[in-house]
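The following exercises ask the reader to work through a structural model step by step. Each task is followed by a worked solution.

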Amino acid sequence: MINQIKRLIKRVRTTDFLAVLTLFVSSFLFFYDLFGERYLLTERDLAPYFIPPRFFWVESLKWLDFPLWNPYQFSGAPFFANPQNAVLYPLNGLFFLFPFDIAFNSIILLHFFLAGLFTYLLMRDLKVSSTGSLISGLIWMLGGYFLSVHSLLNILLSVVWTPLIMLFFRRALIRPGIRNEVMSAIFITLSFLGGGIEVVYGNFFVLLIMLFFSLFLPNFGDSHCSPPLAKGGRGGFIFMFSRFKPLLIISFLFIIFSAIQLLPFLELWMHSIRGQGITYQEATVWSFAPKDFLLFFLPDVYGYFLDMKKYWINQCWFKTLYTGGLPFILSLIFFLIPHHAPSSLPEGEKGGRRDRLLFLSLIIFSLFLSLGQYNPLYPFVYKYVPFFNGIRYPVKFLYIFILALAMTAGLGFERLLQYSKGRDCRKFKHLLMGFSLLSGFLLLFLVLGHGQIEHFLKAREIDFPQFNHLSSNLYHAKRFFFYLTLFFLLLRVCHEVRWKGWAKVSLIIFLIADLFGNMGFYGKEKTDDYFRKTKIVEAISLEKGPFRVFSTAKTISFDTPILVGNAVPFDLIKEKHLPSLNMIYHFHDIWGVDVVRLKKNDDLYKKFTSLPSISSSRLADVYGVKYVISVTPLDEEPRFELIYARMDGLEGNAEDLLKQNTIKLYRNRNPLPRAWLVRDFKVMDSKEILSAMVDKDFQPDQMVLLEEIPPSPEGGGKGGGEVEFLSETNNRLTLKVEVEERCILVLSDTYYPGWKVFVNGKEEKIFRANYHFRGLVLPKGTHQVEFIYSPLSFKLGAGITLVGGALLLIGWVILRRNLWKIKGVKR
């Protein structure tokens, strides 16, 4: 063991150590202002979508209550089944070592470093120098793409593994062996457990492209493979199978490793709004428009984030894409250097052509998908390629282009190194100097002619609101041309001095300085401010009991401005009391924030929120709503009383302020509890039930609507008896029910496969009641009713993962022993 460690230390060169140290320091320095006080990163989706679920499951596990189910959103919903919650993601173990805020931020920062490190390792495996590999790692790690997806945590946790997946799959193609295939499968599984389903899907396409090139050409970065399909007949078939075998093995191993998460997810997917497909319009929201290429050089040039009207019309999935000029310069050098390049290039002339074809294919494939609605062939993809009718935001697939850009930039730098050692390339030197002078001239033109240019552009309305503020765009344009001039000049000088050490260091420093221009494109809030209760939360917390909260659709919409006095920006989010934020305080809400929500829940909620008023039906009672948070006054609703309005710091008459978009808390004077008894029922199909429930004449306290005939209760009308909530955890609900005569217990919790009910210890049947909830027939008497969530998909998936993993481990041990015996015999 000691000798192995010594050999490992010898293999780590000083340049590699310094490169990794540079990546580590740069990734943490990029977020330097997080370290002054206790902050939480809260940019975009982090605050409402990612922090509350993680806080929920971390606290649940600390109390030894595994979160298969979330009772606090959507009237109850599957929780573990959604990979975006990343319950099994290994690096989330930091939550159990540090306070929540420190762990949350550290996980994000750690993945920035890992992104750079894994890219560096991939490039080194391609025989690229430490400097070229460092350039690739920095571009991938500090570019606008990664900064944008830090707020889309599932994408960040998944995409970071792509370089390692490519590294080990490449090795598996060059040198087939179970070790490389197992490693590839492990990293794909980690990517899946991170929650970025689209990234996992995209990665399999990347592997298919790599496999395609290995069938017809030697694998990229390796010049020792013989042309594969030169053989014909049986030999060609055997070769084809040998090439496909690694991908087949990796796919099989991935299914085994991920089954514990994959099977529950597939079950959730089938019952969700994605299972039957979404509309083409929704699927192509946030496509990458051709004009958005400008965003690689000028951050938010169109002002997408300054006007909410532009937010959904244009591509706003990325907050910034700024990458700067150097990555594109080096990438173009990689692609455009003539095929008669010096023979000293690591991959040789033929290998260089193959590499260019592979990376060009990855770039074209990425852009083909990312263009979405701007691609005339995307309707074919949406209709015929599996799962694409359930995937939103085509721009997500741009990560393949960004990674290919980072890799080809490193390879382009390698070409420059080799060129500087070859013959004197005067034309190339003159070209670099010419571009430097041209960029410098444009910079000078922008500086000296600032006033005239500003007047000219304003006259043509190239200013806010059609674009970003002109002053901002002009500043970014000057900055871009400054670095462009600097990079061309630096490349010319470095080429002249044959890339001495100081020249390489200079290029790295200026690349980091350019990419650090993305600093500040992230939001943060003090931890105490994030978790501090509002007055409304404090008021609701005073009352304990089985009731639900409802923040109206208008209130939680980000298109609805609210009036809040003495507020900081984050107060404008907190005071809306989003259902996801309510989960932190264990409020049971009828709605939530999730992209894979159940379809029946979605249908019922849309029906409810499309009604003219909350009293247009009895759906509020069906949901068990006791408290309503609303910007719209409910004074004309006799069933609701106002108990609080957030008017602190606002000027004006209180009566007038109540009519405006102030946040108000109302209480249902006579709500139905979460569980009640009825004797009357009606059997209808699901569509008829949905229509009947919005009818004002529907009386949920006297009748329940079912989809199948139950054992008939006696009589009709409201059931006699009492329901008492004894205990509730994530996956279990215990009730004590006293029934005067046979009737139906209605529970306004979500109906979903995996729930079982035991009445006095005996399992009974759960009926789908009132379209989306649960019903149970009970005889006369006193009963202990226990609902338990124990999904077969989870148990089956866990069994496959554990048994399959154990068998693979045993097989590996046996194989190692046999190898040791063989070595012993040879000795």
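Predicted model: local features only at pLDDT ≥ 70, side-chain atom pairs only at ≥ 80, totals over all residues.

**Exercise 1. Describe the backbone of Ala-86 and the peptide bond from Phe-464 to Pro-465.**

Step 1. Ala-86 is not a glycine, yet its phi is positive, at about 50°.
Step 2. This residue, Ala-86, is placed in the loop between β3 and α4, and it is buried, with a relative accessible area of 1%.
Step 3. The bond from Phe-464 to Pro-465 is cis, with omega near 15°. Pro-465 belongs to the loop between α19 (450-459) and α20 (470-496).

**Exercise 2. Summarise the protein: how many helices and strands does it have, and what percentage of its residues is buried?**

Step 1. There are 31 helices and 19 strands.
Step 2. Of the 827 residues in the protein, 57% are buried.
Step 3. Among contacts (heavy atoms within 4.5 Å) between residues at least 6 apart in sequence, 77% join residues at least 24 apart.

**Exercise 3. Which residues of the largest nonpolar core touch the most other members?**

Step 1. A nonpolar core is a set of buried Ala, Val, Leu, Ile, Met, Phe, Trp, Tyr and Cys residues joined through side-chain atoms within 4.5 Å.
Step 2. The largest core has 250 residues, and those touching the most other members are Trp-140, Tyr-145, Leu-745, Val-785 and Phe-787. Helix α17 (residues 398-421) supplies the largest share of this core, 16 residues.
Step 3. A second, separate core has 10 residues, including Val-678, Val-746, Phe-767 and Ala-769.
Step 4. Leaving aside residues up to four places away in sequence, the contacts of Phe-787 include Leu-745, Leu-747, Trp-755 and Ile-766.

**Exercise 4. Characterise the aromatic pairs of Phe-56 with Phe-79 and of Phe-100 with Phe-531.**

Step 1. The structure holds 74 aromatic pairs. Rings of Phe, Tyr and Trp (its six-membered ring) pair if their centres lie within 6.5 Å; planes under 30 degrees apart count as stacked, over 60 as edge-to-face and the rest as tilted.
Step 2. The ring centres of Phe-56 and Phe-79 are 4.9 Å apart and the planes stand at 80°, so this pair is edge-to-face.
Step 3. Because Phe-56 lies in helix α3 (residues 51-62) and Phe-79 in the loop between β3 (77-78) and α4 (100-125), the pair ties together parts that are 23 residues apart in sequence.
Step 4. Phe-56 is buried at 4% relative accessible area, and Phe-79 is buried at 3%.
Step 5. Phe-100 and Phe-531 form an edge-to-face pair, with 6.3 Å centre to centre and 85° between the planes. Phe-100 lies in helix α4 and Phe-531 in helix α22 (residues 527-531), so the pair ties together parts that are 431 residues apart in sequence.

**Exercise 5. What is the strand order of the open sheet of four strands?**

Step 1. The order is β5-β6-β8-β7, with mixed pairing; two strands pair if DSSP finds at least two bridges between them.
Step 2. β5 (548-551) and β7 (640-645) are at the edges with a single partner strand each, so one side of each is left without a neighbour in the sheet.
Step 3. β5 pairs with strand β6 (residues 625-630) in the parallel sense over four bridges. The bridge partner of Val-549 in β6 is Tyr-627.

How values were computed:
Residues numbered from 1 in each chain as written. Heavy atoms only, no water. Buried < 20%, exposed > 50% of the residue type's maximum accessible area, 1.4 Å probe, protein only. Helix = DSSP H or I, 4+ residues; strand = E, 2+ residues; numbered from the N terminus.
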